[in-house]
Amino acid sequence: MGENRSTIGNWQFKAADESDWLPAQVPGCVHTDLLRNGRIPDPFYGTNEGDLQWIDKKDWEYTSQFDVSEDVLANTHVEIVFAGLDTYADVYLNNQLILSADNMFRTWRADVKALLKAKSNVLKVHFRSPIQEDLPKLEKLGYALPATNDQSERGGLGDKRLSVFARKAPYHYGWDWGPRFVTSGIWRDVWLEAWSEARITDFFIQQNEVQRTRAKLTAVITVEVDEDFAGSVQIRTDGVDVSEAVELRAGINQVEVDVVLENPALWWSRGLGEQALYTFTATLLRGGHEVAHKSTRTGLRSLRLVREKDADGTSFYFELNGVPVFAKGANHIPNDSFLTEVTYERYKHEIVTAVESNMNMLRVWGGGIYENDAFYDLCDEYGILVWQDFMFACSMYPGDEPFLENVRLEAQENVTRLRNHPCIALWCGNNEIDTAWSQYDEDAGWGWKQQYSPEIRAKIWADYEAIFHRILPEVIERLAPGAAYWPSSPMQALTHDKHQHARNDSTSGDIHYWGVWHAVEPFANYNVYLGRFMSEYGFQSFPELKTVQTYASAADMALESDVMRWHQRSGDGNRLIKEYMDIYFKQPKDFSSFLYMSQVLQAEAIKMAMEAHRRKKPFCMGTLYWQMNDCWPVASWSSMDYYGRWKALQYYAKKSFRDVSVSVGGTDELVEVHVISDILDATVGTLSMTVFDFAGNRLNERVESVSVPGNTASVFYAAPVSTFVGEHAASDVVLVVTLEQNGEVVDAKEHYFVPANQISLQMPTIVVREVEGSGGSTFVLETDILAKNVWISSEEDGIFSDNYFDLIPGVPKTVQFLQRPSGENRFRPASAGTISVHSMAEFIQQ
Ligand code: BMA
């Protein structure tokens with residue numbers, strides 16, 4: 001009766017052509033097992049990656065010998081379940097082939113009842129090299145498919161880009177922020193699942209209509225029974241207990257039970273309300289006795305993507321429980337090149353970082369993985385909406401029947417696994433493929449389609465349409481009815497003509513604006529290219545010195561050293577950072593100064609974008625910068641490095657994303673003070689605008705009473721620059737805009753009247769005082785003259801309540817050191833250990 005799970009442990013591994021078995025960790029992969037056994041050096045250090053490319057050319061074997069308890073064997077059914085096999089794997093139990101896997105995103109099961117013994121079962125998983133496996137597919141196809149980020153050359157494969165043939169995380173083959181480690185391994189749990197009589201294999205809470213007063217749901221239960229069955233199904237959650245008689249046929253049955261909840265507690269994204277969660281239990285009974293049960297957790301909410309014609313084009317926003325939500329956040333990539341290294345603590349650190357940074361959305365980008373359950377559980381708990389891509393990015397894919405069927409099953413399984421998560425706001429077909437190919441616009445795209453004959457071109461596009469316009473939307477429609485599907489990001493709309501493809505100036509759909517960075521446009525263009533939803537834009541920086549030291553020696557500490565170039569995957573990215581720095585900043589004194597300045601440069605650039613997008617609300621209703629995190633220590637667009645250390649951008653995001661924010665815009669001649677509110681209540685308070693000189697003298701001040709309506713953005717004060725600067729030199733003054741409500745500061749922002757490299761900076765003396773009784777966690781900072789971008793670094797790993805901020809004489813600043821959340825739900829105050837305090841003046845050539 002019911003279902004019983006037992007884990008399979010005690011694993012060993014070896015290369016298929018070798019004879020010595022070594023201890024292995026499951027879940028895990030070949031690379032991390034080789035590392036733990038001392039067979040390879042640290043893959044992330046220096047240029048080691050280059051020497052490890054042999055690993056993916058080989059076949060590997062994993063084996064486990066295990067006993068099975070009588071309890072398990074007594075069942076009528078025993079299955080072996082692999083929640084993840086990466087990727088081409090043949091599995092043998094007691095010398096019999098039980099399954100062959102070819103998709104790392106699927107779960108693999110086999111009935112092993114007949115093969116199992118009580119003692120010494122031998123399980124063997126043979127991983128075929130993904131390279132050897134896919135080379136013949138390329139040959140057979142007869143033409144190469146574009147895969148822009150596949151670093152085949154680095155893998156010793158010349159221009160043979162194989163990533164498109166494997167249903168395997170695309171970024172394993174390299175990306176413009178990631179190394180090439182094409183892993184093999186048992187990457188998710190493996191267990192024996194035993195059951196008799198009946199089991200519930202899936203339990204879906206379909207939300208038909210959710211309102212404040214009532215939620216109309218259908219509990220959809222998939223039940224497998226041994227033989228014909230008459231009994232009942234009971235559905236329970238807080239305040240609900242419904243039963244229904246059922247008659248089931250031997251095999252798989254679907255049972256639907258309508259459930260109504262009066263006055264449900266709704267699930268909200270962070271900033272708009274609580275994250276109410278309900279645990280539902282489905283119990284199958286016969287003669288009053290339980291024969292199977294399953295629980296699932298969900299949040300009740302109505303959530304839709306609103307794309308409606310309006311005066312400016314077509315809207316693109318998420319409406320949650322009737323409220324239009326301005327989405328603030330970033331793009332998420334896998335947290336590690338070796339997926340099983342990502343612990344629950346690391347996920348939690350990322351999600352709590354998002355929360356602490358006032359975000360409400362992350363995009364799980366299509367070149368990584370459908371994330372682990374833990375990721376979505378945390379997003380549910382903390383109120384972070386998820387834009388979920390299917391795992392296709394920057395490539396064209398084959399369209400043979402087995403491939404399409406594999407994709408269909410992958411989509412089906414992942415949609416089924418994730419559909420109860422209230423956080424999921426959108427399913428998106430792929431990353432940037434519609435725009436890269438640009439079928440209906442000859443002059444647009446990345447030059448892909450022009451490489452093919454008309455026949456092959458038509459075939460490749462038809463294969464694209466099969467997946468993204470047919471298979472995936474059909475799966476969503478059937479398994480997650482009502483959930484939004486968007487074929488590709490970015491896109492204008494599915495029009496089947498040239499208006500389909502995204503443009504930087506479009507007034508419909510979403511935009512990836514890469515003019516700044518990839519096209520070397522000025523930062524000011526962030527104010528020009530503003531669309532309905534900005535799903536990507538980004539600027540790179542280096543991680544801090546502590547992180548760089550984990551992959552480089554003292555001798556490598558130069559922008560153009562082999563190691564520094566190795567840990568930069570976006571073309572000539574290091575030089576590009578330098579080029580932008582030459583335009584906007586003064587010259588850094590040395591390499592470690594350059595690291596710090598690269599972070600401030602990135603933060604300033606992205607601040608411009610984040611705030612420009614928010615000021616354009618409600619025309620623009622979303623801003624997700626590229627990218628939240630890193631999968632190894634590297635120079636990249638991330639706001640938080642591989643070790644979870646916050647870059648300057650993370651602190652800037654926290655400030656630019658405050659739910660009620662002030663933002664200073666305008667032109668060279670005009671200052672405009674905007675107030676943006678993402679909360680529902682009005683904010684009634686005062687807006688003060690104070691001009692200081694760099695010695696801390698208040699030169700002038702204006703105070704206005706303001707009442708900021710909920711969920712709006714508008715200009716609350718505008719005046720010529722001269723009103724503020726007066727007879728002073730523009731390079732010597734700063735405007736501080738502060739919004740206060742009931743005597744509390746809601747937000748404060750500094751605004752300078754000249755570019756950063758023209759601000760007159762002198763060396764400040766910053767005095768730091770530890771607050772008595774704070775246990776080394778809280779400090780007050782004061783300065784004698786303006787200190788720009790004050791950076792506090794600590795001996796302990798953690799974050800500060802604020803960092804990289806400007807310090808004005810006479811305006812003391814209190815900061816608190818916060819430790820990463822482990823058991824805790826949030827960052828919490830702790831001792832920082834020794835701290836050091838620096839500011840911009842120290843890092844520039846005087
Ligand atoms: C977009 C993303 C990624 C890429 C990033 C930086 O194209 O979708 O593919 O890493 O820009 O180039």
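The chat below goes through the cavities and their linings.

A: Gladly, and please keep in mind throughout that this is a predicted model.

Q: How many cavities of 30 Å³ or more are there?
A: The count comes to seven cavities at that cut-off of 30 Å³ or more.

Q: And how much space lies in the largest cavity?
A: The largest cavity holds about 150 Å³ of space, and 16 residues line it, with Glu-544, Ile-792, Ser-793, Ser-794 and Gly-798 lying nearest its centre.

Q: Which elements give two or more residues to that lining?
A: Those elements are β44, which spans 787-794, and β45, which spans 799-800; of the lining of the largest cavity, β44 gives the most, with four residues.

Q: Which domains does the lining of the largest cavity draw at least three residues from?
A: Domain 3 (321-656) and domain 5 (761-846) each supply at least three residues to the lining of the largest cavity.

Q: What is that lining like by class?
A: Sorted by class, the lining of the largest cavity has seven nonpolar residues, four polar ones and five charged ones.

Q: Switching over, what volume does the second largest cavity have?
A: Its volume is about 80 Å³, and the second largest cavity is lined by 13 residues, of which Leu-272, Val-325, Phe-326, Asn-360 and Asp-678 are the closest to its centre.

Q: Which strand gives the largest share of that lining, and what are the classes?
A: Strand β26, residues 323-325, gives the largest share of the lining of the second largest cavity, with three residues, while by class that lining has six nonpolar, three polar and four charged residues.

Terms used
Residues numbered from 1 in each chain as written. Predicted model: local features only at pLDDT ≥ 70, side-chain atom pairs only at ≥ 80, totals over all residues. Heavy atoms only, no water. 1 Å grid on protein atoms, 1.4 Å probe; cavity = no way out; pocket = protein on both sides within 12 Å on 5 of 7 lines; lining within 4 Å. Points joined across faces, edges and corners; volume = space filled by probe spheres on them. Nonpolar A, V, L, I, M, F, W, Y, C, P; charged D, E, K, R; others polar. Domains from an automatic or database assignment.
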